[in-house]
Amino acid sequence: MKIVYEEERIAIRELEITDSAIFAEWWNNGNLMKDVGFRKGMGVTPGSLEEDFAAEIEDDAPFREKRRFVVVDKISHRPIGELVYGNLNMKRKSCGIGIKICDLSLQGKGLGYETLIAFMKYLYREFQLDIFEIDTLKDNVRAYRLYKKVGFKEVRVMENFWSDPDGVSHDLIFMELGKDEFFNGLH
């Protein structure tokens, strides 16, 4: 298990093949996934995730376009969430971020804030980014509030971006935060 960044209550570690079981549990939990449009979960199996995870882990390129991480509670040493970066653009010095605290009993306790700040510090250290990007469904109010609290600003809204498996249409809010604003307001 390789820890890439730590804060007071959480550690961020690299993804492992065996994480496919916990990710399947999380992604199939409708109570957890409803905020991203999957009220009945995603219907994945550990086996279906293992191949994707193996390919991601085996990619040893220094500037991978996408990479997933696990958030670990430092007291219990249990996985409690997931992080991902994607659309890494070294020319623009930007990338997109995804975050979810997946242990429902730990949501609302400031761990999302601490984790997002830690992940952004890690990404800056690794890639010297100028711009952090994040998006959320318009109806995911908790995520939106978290991103605003960190300092992200709306850059555009795509109406009717996606229809979930139940046929409900969702708007998507794209947000950005520059490194100067992030470090000047540091957290």
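Select K179 and D130: their side chains form a salt bridge (a side-chain nitrogen of Lys or Arg within 4 Å of a carboxyl oxygen of Asp or Glu), with the closest N and O atoms 3.3 Å apart. K179 belongs to helix α6 (residues 179–184) and D130 to the loop between α4 and β6, so the pair ties together parts that are 49 residues apart in sequence. Helices (H or I, at least four residues) and strands (E, at least two) are DSSP runs, numbered from the N terminus. K179 is partly exposed at 24% relative accessibility, as is D130 at 27%; buried means under 20% relative accessible area, exposed over 50%, and partly exposed in between (1.4 Å probe, protein chains only).

This is a predicted model, in which local features need pLDDT of at least 70 and side-chain atom pairs pLDDT 80 or more, while totals for chains, interfaces and linings use all residues. Residues are numbered from 1 along each chain as its sequence is written, and side-chain values use heavy atoms, without hydrogens and water.

Next, select D166 and K40, whose side chains meet in a salt bridge (3.2 Å, N to O). D166 sits in the loop between β7 and β8 and K40 in the loop between α2 (30–33) and α3 (46–58), so this pair links parts 126 residues apart in sequence. K40 is exposed at 68% relative accessibility, whereas D166 is partly exposed at 37%.

Finally, display the open sheet of eight strands, ordered β1-β2-β3-β4-β5-β6-β8-β7 with mixed pairing; two strands pair if DSSP finds at least two bridges between them. β1 (3–6) and β7 (153–163) stand at the edges with a single partner strand each, so one side of each lacks a neighbour in the sheet.
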